[in-house]
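Subject: Structure handover

Hello,

Here is the structure we talked about. Please open it alongside this email and follow the notes below.

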Amino acid sequence: MINDLWYKNAVIYCLSVGTFMDADGDGIGDFAGLERRLDYLQGLGVTAVWLMPFQPSPKRDGGYDIADHYGVDPAYGSLGDFVAFTHAAKQRGLRVLIDLVVNHTSDQHRWFQSARSDPDSPYRDWYVWSKEKPATASEGMVFPGVQKTTWTWDAQAKAYYFHRFFDFQPDLNTANPAVLAEILKIMGFWIELGVSGFRMDAVPFVIARKGADVAGAPTEQFDMLRDFREFLQWRKGDAIILAEANILPKQDLDYFGDDADRMHMMFNFQINQATFYALAGHDARPLAKAIERTKPRPLSCQWGIFLRNHDELDLGRLTEKQRQTVFEEFGPEKGMQLYDRGIRRRFAPMLDGDPRRIRLAYSLMFTLPGTPVLRYGDEIGMGDDLSLKERDCARTPMQWTPEAQGGFTRSATPTMPPIDHGPYGYAHVNVADQRHDPGSLLNWMQSIIRLRKEAPEIGWGDVTALETGRPAVLALRYDWRGNAVLCVHNLGPGPTELALDTGVAAPDGLVLVDLLTGARSEADEDGRHCLYLEGYGYHWFRVGGLDALLKRKPT
């Protein structure tokens, strides 16, 4: 069973093909270039690669406006190049996940072009139409301030069409059995080409009932998730779906399924937002509460834990006071914010490049309950270019060397300008230099990924937040198969000392061995450990020391 649930103890790396590595020198990243960098990813220690959309697209929304779900954009290569890449990844023990974008299509998709041109088209009912402009047209925009409506008049169709996102991304009518069958067909196609699963985009919108007459709640069609899961398990038993669903904890089991028969994984947006407040406010207590609120889930299901991704940092689940604390600390200027709800920056510049805080934050991320998901370039502390529009500022090309264009391409006109100036320019932040620096963030990241893989208790175990008596200190104990790991983080800038009861009975609870340094801590006569943490300090302990490690049941 454990081998089938590979995602429980995986390390996922997210990248965009177009900005990762250019092999043919045209200024655009491609699958041939990505294949060349698989040894780098294997050396980093990640176990799965998640690709953002690479299908043919007008690219008005970073490729999330797909015009053909069965192809590869010619700029990135061919289907043959894609298969060569997935085969090369498999040879290195790397799994491949791809974005599954089926809430909507590009308005250039042949389905929509047919649907708008003929009311009798077989694709007409694949989209959502209304003869009159619905009263709810000014509600539910995903991009407020940029997006004006969710219903747009199409002169050719002589009707309004529904789009949860931009007007060039008409929503698919996912309640239509023909559309559902097509989604399964898309999944099956990519599975046959070597994919191990999907990051499903905008899941709450995919399963929502859509139409001018839809009112009230709930509108979700949760049985649809079971259909996706059953099809995937039939086609490839260990394939997974990682759902993007920014929902409240009370809905978690609706998406996982009480019997673990819906989504395998979901991103934990509650923990993500609470983590940023904890880092900004030096207060771990709301994070501990978020961990507790999102704790219930079926054993075979898993959270995806992340710091930053390709979108803005959404702070919509925080209180107004908490949100302002995060804005003031990490995005104080209006140009750093987006849609009045989030921050559009890369992670390293949010922390002013402070190596202590960056390493603390990633140590914390790798020890939160779930599977860590790392964004390309964050392993070297890449920066952002705020002069670029909206979210593009954090989507600049990977910085491989201090050479021209950061070693991303030989072209003088790359698809997106690399960061070529300032402290985060490729002359100062790149893979080549950090690889040869034992104290670099890259080498530290490799070691922390290795350590995370050697502590399966974090991915598999039951988590308990321990009382520390220090608001800035978070202590999490993971218990699994009679073994325990304790992770302690000081989110504050000043040093602190605390007496901590591990909650593990003697004799195991009397000894802690630091997995980072090998140092031992012996409990006092009351069974408590006196721990010292530097400002922004952290420790990973095995409870019970070597004896506990040796008696751990094999996985």
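Start with Phe256. At 0% relative accessibility, Phe256 counts as buried.

A note on the source before going on. This is a predicted model, with residues numbered from 1 along each chain as its sequence is written. Local features need pLDDT of at least 70, side-chain atom pairs count only at pLDDT 80 or more, totals for chains, interfaces and linings use all residues, and side-chain values use heavy atoms, with hydrogens and water left out.

**Phe256**

Phe256 sits in helix H8 (residues 252–256). Helices (H or I, at least four residues) and strands (E, at least two) are DSSP runs, numbered from the N terminus. What does Phe256 touch, not counting residues up to four places away in sequence? The list is Asp261, Arg262, Met263, His264, Met265, Met266, Arg297, Pro298, Cys301, Gln302 and Trp303. Contact means heavy atoms within 4.5 Å. Phe408 is 152 residues from Phe256 along the chain, and their C-alpha atoms are separated by 39 Å.

Look next at helix H9 (residues 269–281) and helix H10 (residues 285–293). Their axes are 8 Å apart, and they pack at an angle of about 170°. That makes H9 roughly antiparallel to H10. Axes are lines fitted to C-alpha atoms, for helices over the stretch in contact, and angles run from 0 to 180 degrees between N-to-C directions. Under 35 degrees counts as roughly parallel, over 145 as roughly antiparallel, 65 to 115 as roughly perpendicular and the rest as oblique.

H9 brings Gln270, Ile271, Ala274, Thr275, Tyr277 and Ala278 to the contact. H10 brings Pro286, Leu287, Ala290, Ile291 and Arg293. These residues divide into 8 nonpolar, 2 polar and 1 charged. Ala, Val, Leu, Ile, Met, Phe, Trp, Tyr, Cys and Pro count as nonpolar, Asp, Glu, Lys and Arg as charged, and the others, Gly among them, as polar.

**A pocket and Lys59**

The second largest pocket holds about 530 Å³ of space. It is lined by 25 residues, and the closest to its centre are Lys59, Gly62, Asp392, Arg395 and Met416. A pocket is an open set of points on a 1 Å grid over the protein atoms alone, where a 1.4 Å probe fits, with protein on both sides within 12 Å along at least five of seven lines; lining residues have an atom within 4 Å of a point. Grid points are joined across faces, edges and corners, and the volume is the space filled by probe spheres set on them. The lining divides into 9 nonpolar, 8 polar and 8 charged residues.

Lys59 lies in the loop between S2 and H3. Is Lys59 buried, partly exposed or exposed? Lys59 is partly exposed, with a relative accessible area of 36%. Leaving aside neighbours within four places in sequence, Lys59 is in contact with Asp65, Asp73 and Tyr76.

Pro74 is in the loop between strand S2 (48–51) and helix H3 (79–91). Pro74 counts as exposed, at 67% relative accessibility.

**Two positive phi values**

Lys158 has a phi near 55°, a positive value in a residue other than glycine. Lys158 lies in the loop between strand S5 (151–154) and strand S6 (159–162). Arg481 also has a phi near 55°. Its place is in the loop between strand S16 (473–480) and strand S17 (483–490).

Best wishes

Key: Buried means under 20% relative accessible area, exposed over 50%, partly exposed in between (1.4 Å probe, protein chains only).
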